[in-house]
Amino acid sequence: MALSQEDVAGIAEYAQIALADDELAEMTTYMNEAVDMLAPILEYDLDGVDPTFHPIGDLSNVMRPDEPTPGLDLDTAFANAGSTRERYFRVPSILGDGGVA
Amino acid sequence: MATELDQLSASAIAAGVVAGDFTATEVARASLAAIEARDGEVAAFLQVSPELALAAAKATDDAIAAGEKVGPLAGVPVAFKDNMHLVGTRTTCASRMLADYDSTYTATCVSRLLDAGATPMGKTNMDEFAFGSSTETSHFHRTYNPWDTERVPGGSSGGSAASVAAGEVPVSLGSDTGGSIRQPAALCGVVGMKPTYGAVSRYGVVAFGSSLDQVGPFGRTVGDVALAMNALVAGGRDPRDCTSQDCPVDFLEHLDDPVEGRRVGIIPELMEAKGLTDEVKSAVEGAARTLESQGAELVEVDLPHMGDSIAAYYVIGPCEAFSNLARFDGVRYGYQEPGCATLAEQSSRSRAAGFGPEAKRRQMLGAYLLSSGVYEKYYYRAQQARTLITQDYAAAYERVDVILMPASPRSAFKFGEISDPTEMYLSDMYTISINIAGNGGISVPLGLGADTHLPVSAQLVGPAFKDRSLLTFARALERGTDAGAGMGDGAPVAPDFVGRGGDLA
Amino acid sequence: MRELPDVLKDWEAVIGLEVHCELTTLETKMFCGCPNTHDAEPNANVCPVCLGMPGALPVPNKAAIESIVRAGLACNCEIQKHSMFYRKHYFYPDMAKNFQTTQGPVAFCMYGHLDLDVAGEGAAERPDGTGVDKAADGSYTTPVRILRIHMEEDAAKMNHLGGEEGRITSATESLIDYNRCGTPLTELVTEPDLRTPEEARLFMEKLRRIYLTLGISDCSMEHGSMRCDGNVSLRRRGETRLGTKTELKNINSFKSLHDGLAYEICRQAEVLEEGGVIYQETRHWEPSRRRTVVMRVKETADDYRLFPDPDLAPYDLTDEFIAHCAAEIPELPDAKRDRYMADFGLKRADAEQIAGDPDCAAFFEEAVAGETTKGAATVANVIVNDLTGYLNAAGIAISETSITPAQVKSLADLLASDAISSNQGREVFGLMAESGDDPAAIVDARGMRQVSDTGALEPIVDAVLARCGEQVEQYRGGNKRVVGFLVGQCMKDSKGKGNPKLFNQLLTAKLEA
Ligand SMILES: [Mg+2]
Ligand SMILES: [Zn+2]
């Protein structure tokens, strides 16, 4: 089942990657090629096989004590931020109807 | 007698600094001079850090002058892949997204080398966010293979491999998600090791595939790689990385243990694989004979599910990459598209402009593969396949101590030679199953290929947390090989760059 | 719109709750060592991990896992030994990584229940014959199943500027404070077993008392450390199929939970009765306007791309770990309430209120150490009425007051021995709270001890009877309640010092004579 350009546009919207029309066409081609390349996975005999989400043997229950450690000062925290105001990170209007009363 | 920095191993430099033959500062200046003289043609570095280097070298010299104990890497110039944070440098991941990103903290792997006395020379080029096998996807520039500057250095840790091959630094760090240390090491003719997942902390290394990524060293000798490994694990498990584990610090101590009577696995099927060039095949067969001549026994083994690893890898990798790269939205850091009216517009345009094509492709693929209904068909099944691949390796290691195979199916290719992304993915055919299973692997240079006269390598693969034994076999192979620096002396600096800059007074 | 009791006769409301609770008593956040405090300056409690800086990795807080296991045990859940953290993806900058680390299909705690005792006026919300056996006084008990309690991390706080009342609508920009981002958050999900707003309210109150007793949170709905979403759908009585549900958000008090659900039930009934359709949507309760408004219509199910977090090792909780958590669970409110009723003869409501607040219970137990049943009941009375009223008015917690258990005990002794009347008791309490003096000293200094000497009271009674012929006539005519007025007259004549009970006895005896 091939991915249509609309499907790919939907994924791009979800993944928040604005694609131009020509990029969308290219991406659709790539996605279908890549998914085809992955097709063998649908054929593997995996009945009753447990998945391995963590390639670390039987490592489990890794935790830390509830003790504070130093964090970042504000200047460092803001060092790479594109937009801040006072002590806050700043983002533009979320719904985009800013200014309309 | 004038000494050339690029003729010294890391251990020789550390020994010389401690003995007072030269100072760490002199070594740092020599490395800076070598970079100055060579990097115009290699372009291994994205950022050279002379102030940090000279300050660290001075601290080492001061410590020695004060009679304090210094670490095993005292005065050794090292370079770090640009996905590793080091305060005082930018960490760009070779992406426009992070072009101006100042490191806000230092990665554990970096601080461990610095704690061992190393001198930080700078940050090396890579494929953008480590997506690639040629370093061609760097947003900033190419890196040129020191053996033939018309060719790629491999990737994604191409800059780290090239910096060592060109003699700019004796040791560098890379990260390996599907072969990103071992493949560029092979293409640049240096030693490159991916330790067992969990041996080296990932804290502070910008993540690609969290269950696949592992940091490891490059060097021109197995001994230098072992030295760096000791420094990387010396502090014990990193409490900041849940997946890191304790491992013994004895990589150097057992380097020259004999391999006599030990068993080396050969997988005949892999030696017949499509895409494997004759010169690599015969070099690896020669490596088998080298080990055999030292008394190791060659045993044929089978990894029935290894063929499944490419598909499994290209599911797991993009899914984890999508998730890990979701944070780059231009809000807290990273490229921010100006003048956007809404948050969603700012995020999606920042991500569109900040990421290069391959980074977008991988994230798009991952976002698709994780979506509901698709997750079960691909991601879940890929992780099931991972179980079978891991079990294959475990079964093989019941019978052998190490497995020998190619690292890269071919020597370095020309820029632009492989343009189809899915074809590029086959560069990693011999390396990715090791990331899937999580065990260790190392690329060992075998000299130049008979046909292309470019470096070719063998890969040794060992059981999880048996990286010490892996290094013992790698050293045995090195001992019986003249890769161009003399029998048993490891890999040479690429001939066009030998001796250019870098005199140690 | 019809009123709730009327609506619930025709319609069955099916209500489920999602309760988020911040583990405010922990020192640090869920996955990093940043301080877990509410009052820091914006973005003061941040680090590479909770800012989602590239390369940073999470490490779980052990105390948070212990807390949720304790919560699960206290809510009769089955503790799941094997579970994992998952990543739940959605692009919104209140989550620094654009995914929330939360649990997947298996939560630490699953399949629990709490039994609700519903009494008083609220019990009447549930019509008779709807699946519960009601006692003669209308009270009933009903179980509420808990599907799961899972561990996750909280989001950052966003301030929306330029919009109405800080709302997101029409805001021109938003500011983000990551102090709360990554703080430990538990999420409890009930099965849709609740049938009335009162039951929902009682469930939240009960859960809050348990969490407070466990000491895992300050459970402040006002400050948002305990938050609740309610799902509600209606179906005709007798129908088994579930209707379309709406989700109610912005509930910041028990009253809001009750009133919001009540409104929503009545609204849905009206829509359905007019032949309309309920849309699956999220609605916002506006307490000031007493209505719910649509926030968001859910057209398709959200796709969060959930998968196991590869950075976090899985959990295989050991029996020892679970036993260690169990051993740290103090006496829970229900058990404590029952003990107070059995040992001290407290009224159920008083016992429930005191037992539900660990600080209050400690105060009570200190005050009644070695006390008799009667004395304890009086202490409880002072605590539930005078002390609680005083604290509420002052806006402080019991742990913050300078009033001591010994003072309350002393006041209770005066009341129990009839040395002062209950009216005087209130006055003494006020004076005690103001001055910090001992109640006995206050009473003595002001000569307030009530007169319980019949000889001294009789002349007053006689004078009142002589003066109030009209009321005496009324009494003899059958209006026995008029004796209250006469007691009041006696109290007035005695300047408040006479024992009202004695006055009552004397008056009654003389009137009946
Ligand atoms: Mg949740
Ligand atoms: Zn933090």
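A polar contact, as the term is used here, is a pair of N or O atoms within 3.5 Å, where within protein one atom must be able to donate a hydrogen and the other to accept it. In this model, which is predicted rather than experimental, 20 residue pairs are in polar contact between chain C and chain B, counting pairs with both residues at pLDDT 80 or more. On the side of chain C that touches chain B, strand 4 (85-89) and strand 15 (307-308) of chain C each supply at least two residues. Sorted by class, that side of chain C comprises 23 nonpolar, four polar and five charged residues.

The extent of the interface can be described in residues and in area. Contact involves 32 residues of chain C and 38 residues of chain B, and the area buried between these two chains is about 2700 Å², with carbon and sulfur atoms giving 61% of that area. The rule for salt bridges finds one across this interface, and a salt bridge joins the side chains of C:Asp311 and B:Arg202, with an N to O distance of 3.0 Å.

The metal site comes next. The magnesium ion (ligand 1) is coordinated by C:Glu152, which is listed with two OE donors, and by C:Glu187 with one OE donor, at 2.0 to 2.6 Å. Because C:Glu152 lies in strand 7 (residues 140-153) of chain C and C:Glu187 in strand 10 (residues 184-190) of chain C, the pair ties together parts that are 35 residues apart in sequence. Both C:Glu152 and C:Glu187 are buried.

Notes:
Residues numbered from 1 in each chain as written. Chains lettered and ligands numbered in written order. Predicted model: local features only at pLDDT ≥ 70, side-chain atom pairs only at ≥ 80, totals over all residues. Heavy atoms only, no water. Contact = heavy atoms within 4.5 Å. Buried area = accessible area lost by both parts, 1.4 Å probe. Salt bridge = Lys/Arg side-chain N within 4 Å of Asp/Glu carboxyl O. Polar contact = N/O pair within 3.5 Å; in protein donor to acceptor, adjacent residues only side chain to side chain. Helix = DSSP H or I, 4+ residues; strand = E, 2+ residues; numbered from the N terminus. Nonpolar A, V, L, I, M, F, W, Y, C, P; charged D, E, K, R; others polar. Donors = N, O, S within 2.8 Å, 3.2 Å for Na, K, Ca; no water. Buried < 20%, exposed > 50% of the residue type's maximum accessible area, 1.4 Å probe, protein only.
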